[in-house]
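Hi everyone, thanks for making time. Let me put the structure up, and then we'll walk through it together.

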Amino acid sequence: MTEIIDGNAVASEIRDDLTDAIETLADAGARPGLATVLMGDDPASQTYVNMKQRDCEEVGIESHHVDVAGDAPAEKLYDTIADLNDNDDVHGYIVQAPVPDHVDYREVIRRVDPAKDVDGFHPENVGRLVAGDARFRPCTPHGVQKLLESADVDTEGKDVTIVGRSDIVGKPLANLLIQKADDGNATVTVCHSRTDDLAAKTRSADVVVAAVGVPELIDGSMISEGTVVIDVGVNRVDADTEKGYELVGDVEFESAKEPASAITPVPGGVGPMTRAMLLYNTVKAASLQEDIDVDLP
């Protein structure tokens, strides 16, 4: 029988496990602080920021938020970043993407203090990850690893096919899974829009991670018996519902779950894990900056 991997349950366990570390820091006079920066008024981005603020409140992390007008010059955002870099009460922060077209997001990332880069996107942190000495694992890839662990999936010696080569998911996840580590040691194939015969690549895999942003691109005919399927995609498609849409993944769930040994749903799979690992990175950042040892899950 196919295991439906419950991302909400795993994320809840991680948040509970973080409580002791947060209390240890607080007892030493160092309450972890996470800031969010939103430039503009994109509704989806505002929703994400609100969710992250609620997550912080639930576990005892101090939440800070800065709004920057969407039509403000890029320097206004850069000044905000500089202020957060100098703010000792903020141990980590994120600049919510997307930013307006007149702002270079790569420049934004370069200006973030690597020690507070809890997204793990700064070039220094990317380099450390590739070198096998990660300061922060990017939240979604780390969340995928935790989901695999929760389903007792040992990646050592396994063939993993990742569909998607983004800087946020595909590339860092591939680098994590090939590391000499208990949650690595996999043989990884990264597929993308130029891949020839995608189905052949997914059928040959022990684990398929879909992270390409194309609704239901992968169906059951592309999954072999016993494969573990992790669906990172969250796509809004028109539907006859009260909202007029529904959320689907990059995997056609109903057909793929038949051959799969385990599969994540959308929603309720990887999404909650991304948020939980952001809290994890914030606590780790506070521990490193305050020089206080804590036990992290």
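Before going on, some housekeeping. This is a predicted model, where local features need pLDDT of at least 70, side-chain atom pairs count only at pLDDT 80 or more, and totals for chains, interfaces and linings use all residues. Residues are numbered from 1 along each chain as its sequence is written, and side-chain values use heavy atoms, with hydrogens and water left out.

Back to D152. Its phi is near 60 degrees, a positive value in a residue other than glycine. Why mention that? Most residues other than glycine have a negative phi, and most peptide bonds are trans. D152 is exposed, with a relative accessible area of 71%. On that scale, buried means under 20% relative accessible area, exposed means over 50%, and partly exposed is in between, using a 1.4 Å probe and protein chains only.

E216 also has a positive phi, near 50 degrees. E216 sits in the loop between β7 and β8, and with a relative accessible area of 37% E216 is partly exposed.

Now the peptide bonds. A97 and P98 are joined by a cis peptide bond, with omega about 5 degrees, and P98 is in the loop between β4 and α4. The bond from V266 to P267 is cis too, with omega near -5 degrees. You'll find P267 in the loop between β11 (262-263) and α10.

Okay, zooming out. The chain is divided into domain 1 (27-115) and domain 2 (139-271), with bounds that come from an automatic or database domain assignment. Taken over C-alpha atoms, the centres of domain 1 and domain 2 are separated by 29 Å.

What about the inside? The largest nonpolar core has 48 residues, and I61, V144, V209 and I230 have the most contacts inside it. A nonpolar core here is a set of buried Ala, Val, Leu, Ile, Met, Phe, Trp, Tyr and Cys residues joined through side-chain atoms within 4.5 Å. Helix α10 gives this core its largest share, 10 residues. Both domain 1 and domain 2 give residues to this core, so it lies between them.

Take V144 as an example: leaving out residues up to four places away in sequence, V144 touches L173, V209, I230, V232 and V270, where contact means heavy atoms within 4.5 Å. There's also a second, separate core of 17 residues, including V68, A72, A74 and V99.

Leaving aside neighbours within four places in sequence, Y280 is in contact with L18, H142, L296 and P297.

On a 1 Å grid over the protein atoms alone, a cavity is a set of points where a 1.4 Å probe fits but cannot get out, while a pocket is an open set with protein on both sides within 12 Å along at least five of seven lines; lining residues have an atom within 4 Å of a point. Grid points are joined across faces, edges and corners, and a volume is the space filled by probe spheres set on the points.

How much space lies in the largest pocket? About 1,600 Å³. Its lining has 47 residues, and Y48, T140, V234, G271 and T274 lie nearest its centre. Domain 1 and domain 2 each supply at least three residues of that lining.

The second largest pocket holds about 390 Å³. Among its 16 lining residues, R106, I109, F121, V126 and D167 lie nearest the centre. Both domains give residues to this lining, so the second largest pocket lies between them.

Finally, the search of the whole structure finds one cavity of 30 Å³ or more. The largest cavity has about 80 Å³ of space, and its lining includes Y93, Y105, D117 and F121. Strand β4 (92-95) and helix α4 (105-111) each supply at least two residues of that lining. That's my tour, thanks!

Notes:
Helix = DSSP H or I, 4+ residues; strand = E, 2+ residues; numbered from the N terminus.
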